[in-house]
Amino acid sequence: MSAFDFIATVLLLFTGFIAVRSQNAVHAALGLAANFVVLGTVYMSLDARFLGWVQIIVYAGAIMVLFIFVVMLLFAARAEVGVDPLPWLKNWGAAVAAVFFATLTYALSAAKAPLAGTTAAALLGGGTAKAVGSVLWGTWLYAVLLVAALLLVATVAAVVLVHPDQGQSRAEREASRGGKA
Amino acid sequence: MILLPLLGFLVLGLWGRSFKGQSAGVLASLMVLGSFVLTLVLLFGGGASFEVKDWLPGIPFALLLDNLAGYMALIVTGIGFLIHVYAIGYMADDPGKSRFFAYFNFFIAMMLTLVLADAYPVMFIGWEGVGLASFLLIGFWFEDQKNADSARKAFIVNRIGDLGFLLGMALLYSLFGTLQISELREIMEKSLVLPAGLGLAGLLLFIGAIGKSAQLPLMVWLPDAMAGPTPVSALIHAATMVTAGVYLLARSSFLYANLPDVSYWIALIGLLTALYGALSALGQWDIKRIVAYSTISQLGYMFLAAGVGAYWIALFHVMTHAFYKALLFLSSGSVIHALGGEQDVRKMGGLKKYLPQTHIHGLIGALSLAGFPLFAGFWSKDAILASTLNYPFGGYGFYLVGLFTAFLTALYAMRWYVLVFLGDFKGQGHPHEAPPVMAWPNHLLAVGAALAGFLALPEPFWNLIERFLAPSLWHLEVEPLGTATEWGLLLLSSVVAILGLFAGYRLFLGRLPDAYLAFQRAAESAFYVDWLYNTLIVGPLKELAFGFGLADRGLDRGYVRLGGGVGLLGRLLARLQGGYVRVYAFFVVVAATVFVLWGVVR
Amino acid sequence: MSDFLFVSAALFALGVYGVLTRRSAILIFMSVELMLGAANLALVAFARAYGSLEAQTVGLLVIALAAAEVAVGLGLVVAVFRMRSSTAVDDLSELRG
């Protein structure tokens with residue numbers, strides 16, 4: 001395990017912990033953003049350079065800004081308010097997560113690397129935009145198109161959901177408008 | 001060809017509401033007209049065929065347009081078109097007319113499937129399709145319980161016949177390994193030895209034909225089918241659907257020509273049906289039921305012809321019958337229309353004065369039906385009677401009874417005419433003539449009913465139909481009767497027809513003798529066949545159903561208890577559904593863990 | 001095999017813990033994002049181990065999907081907040097059986 005790997009692991013776990021435990025939502029969001037930035041660097045170290053940059057730009061940049069924006073919009077900076085109706089879930093949740101982690105670890109411990117590291121690295125071609133792009137627009141073209149359509153639908157859906165008139169029928173709207181006039 | 005009316009059905013069925021005014025009827029009519037023209041073009045282009053291999057394992061979806069199929073298809077689409085046009089006028093004020101025309105088009109499409117089929121399963125599709133269409137159309141005014149019941153009766157009685165068809169098909173398949181009609185025909189031509197069981201297969205198919213064509217003993221549905229709108233009666237129960245049975249026999253002529261015994265039964269049943277229908281028709285008071293029973297009787301004639309082996313004559317009669325029976329139905333429709341829904345002939349009479357056009361139509365139809373010389377019905381009926389003598393499966397008995405039935409036919413045709421059009425008007429209201437859209441189809445049909453017979457004249461004149469149909473039918477050796485005999489017979493049957501007409505005229509215009517009144521009472525209820533069926537078959541079945549009902553209730557009680565147990569379990573499980581999403585998520589994670597663990601450890 | 005697979009498993013478990021214990025819809029969402037990131041890390045690690053560019057491609061698609069999911073999810077959160085002035089998921093328990 002190299003020094004980079006070690007530091008990255010520690011940082012990932014630390015920021016992840018902040019993200020799930022911090023009582024302040026803004027802190028949690030910032031922890032998550034940091035987590036994603038580190039994740040991006042890790043991707044690059046794993047010969048996925050393009051993906052790393054996308055991770056940083058899209059995730060740590062765009063998505064996290066969205067999160068923080070919504071947190072601020074809804075005045076939800078204080079994470080946990082009110083009475084927890086399910087107090088037992090705190091410990092049980094931790095237990096289940098731990099068991100899940102143990103299971104995954106056990107499963108992974110049996111796995112063996114199929115290729116020598118250098119061979120695999122050569123196949124990846126550094127994971128540059130050029131290398132990934134040819135695959136993306138080749139065999140995965142339809143998947144890309146589908147995802148594009150999905151993004152469009154999601155955008156429309158988000159707009160519809162947040163639209164202020166949502167929940168009102170056209171007739172009601174007409175009526176209210178008429179009333180104002 | 002099939003696709004056009006099917007398209008009409010789809011369009012009208014799906015977007016029927018958006019068709020305003022008469023456009024639905026016009027569209028439907030145009031579709032049928034298109035089919036007619038297409039048939040004509042294809043037929044004179046030398047026929048056509050269409051095949052989808054391995055539509056079912058080992059059974060292709062085969063359509064074939066040869067002379068026989070084309071002949072039938074022309075009758076179906078031609079007469080069908082006229083009836084469509086008529087229906088535009090007849091159904092003008094009905095709120096459900098786009099639905100009506102959708103069914104109509106569906107019927108035509110299915111009928112064409114039936115006619116064009118070159119494989120029995122395909123034919124069966126059309127067979128069932130027309131059954132369905134007739135069910136829908138008879139019960140078109142389904143708000144009335146009686147109509148719905150009639151529709152159901154027609155459907156159920158037809159099922160009995162269909163079972164025969166299905167079994168016959170299965171048997172044929174097991175005998176020959178194919179159900180394609182042209183292949184079967186080739187096999188039959190080559191092989192000299194008939195496999196055992198062929199007779200049974202023919203008989204089973206014939207049962208199917210009995211059901212569809214309302215022959216004895218499955219004829220009870222047809223008079224009740226008159227509950228539908230009159231154009232339906234005309235289309236289904238006169239011109240096309242009921243002749244499907246005859247068509248089946250003609251299509252399978254290669255089969256029946258080799259089965260003298262079965263053919264004998266066919267002829268016998270046809271003869272008895274003809275007699276029964278004619279007798280029953282004499283006692284009816286409903287204008288349409290009279291015509292319905294006459295249809296049964298005429299179908300009996302066709303079966304007689306098919307039974308004795310004169311397939312082309314049967315088809316000839318199909319055509320002439322289609323003309324004059326459609327004419328009779330449609331003029332009945334005009335009368336009903338004129339009287340605002342009145343169907344009882346006792347409340348008619350004297351309509352000659354009010355409905356001059358319809359009167360002419362009715363007269364031509366009745367004369368043609370009666371076999372008055374030179375009208376279409378005369379030539380075809382006489383051909384049938386003559387065929388009983390010279391075709392291989394015929395005999396003198398057939399001839400004599402047939403002749404007697406012809407007398408009866410003339411009698412009831414005259415009765416219908418006299419009661420409706422002559423004498424004094426006994427109903428209320430002021431009858432009015434039908435609009436042109438209803439009159440014109442009748443004009444054309446009247447021309448057909450009068451002149452169609454000249455397509456096939458006896459020796460020494462021309463006979464177009466026999467020549468035209470010959471390639472599609474099995475050839476049977478026929479000893480010619482000789483011109484003199486034939487014309488003698490012709491003379492005899494015209495004398496009989498005129499005698500019948502005259503007797504009918506005298507009888508029904510004046511007071512009826514007591515003996516006839518007694519007979520009338522029996523005939524009115526169609527010789528109690530319905531009653532007999534109800535007591536013998538329907539009653540016991542009802543009892544059986546009641547018994548089953550009791551058993552069912554016991555079973556139900558068990559299920560109810562089971563339901564209680566399930567309910568208890570459900571309440572227990574419902575406790576888990578606390579409504580807290582996080583609890584659900586918790587269970588999801590637990591389950592995922594278990595799955596992964598199971599996958600890893602295994 | 002890459003050690004990052006274990007890191008991925010750890011991050012995923014952390015995300016699970018977060019989803020189960022957080023009570024605010026937004027924070028639950030963040031935990032879900034953490035899990036997605038963990039899954040993506042696993043993908044990339046496997047891509048490195050197998051020399052498969054395809055896995056990286058899929059990772060790219062996952063990021064795109066995550067963007068769509070966040071858009072819709074946050075839209076839902078905002079819409080629910082409008083109605084109930086709360087982001088606590090435990091308030092949404094109308095579907096109690």
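Modeller: Buried area is the accessible area lost when two parts are put together, summed over both and taken with a 1.4 Å probe. The model is predicted, so local features need pLDDT of at least 70 and side-chain atom pairs count only at pLDDT 80 or more, while totals for chains, interfaces and linings use all residues. Residues are numbered from 1 along each chain as its sequence is written, chains are lettered from A and ligands numbered from 1 in the order in which they are written, and side-chain values use heavy atoms, with hydrogens and water left out.

Biologist: How much area do chain C and chain A bury between them?

Modeller: In contact (heavy atoms within 4.5 Å) are 68 residues from chain C and 89 residues from chain A. Carbon and sulfur atoms hold 78% of the buried area, and its total is about 6800 Å².

Biologist: Which residue of chain A forms a salt bridge with C:Arg48?

Modeller: A salt bridge requires a side-chain nitrogen of Lys or Arg within 4 Å of a carboxyl oxygen of Asp or Glu. Between chain C and chain A the count is 1. The closest N and O atoms are 3.4 Å apart, and the partner of C:Arg48 is A:Asp47.

Biologist: Is A:Asp47 buried or exposed?

Modeller: A:Asp47 sits in the loop between α2 (25-45) and α3 (49-73) of chain A. Beyond its neighbours within four places in sequence, its contacts include A:Leu124, C:Arg48 and C:Gln56. Under 20% relative accessible area is buried, over 50% exposed and in between partly exposed (1.4 Å probe, protein chains only). Because its relative accessible area is 12%, A:Asp47 is buried.

Biologist: Which helix of chain C gives the most to the side that touches chain A?

Modeller: Chain C has 3 helices and 0 strands, which are DSSP runs numbered from the N terminus (helices H or I, at least four residues; strands E, at least two). The count between chain C and chain A is 1 salt bridge. The elements giving two or more residues to this side are α1 (4-21), α2 (25-50) and α3 (53-84) of chain C. With 25 residues, the one that gives the most is α3(C).

Biologist: How many salt bridges does the rule find across the interface of chain A and chain B?

Modeller: There, 14 residues of chain A are in contact with 11 residues of chain B. The two chains bury about 1100 Å² between them, 87% of it on carbon and sulfur atoms. Under the rule, the number of salt bridges across this interface is 0.
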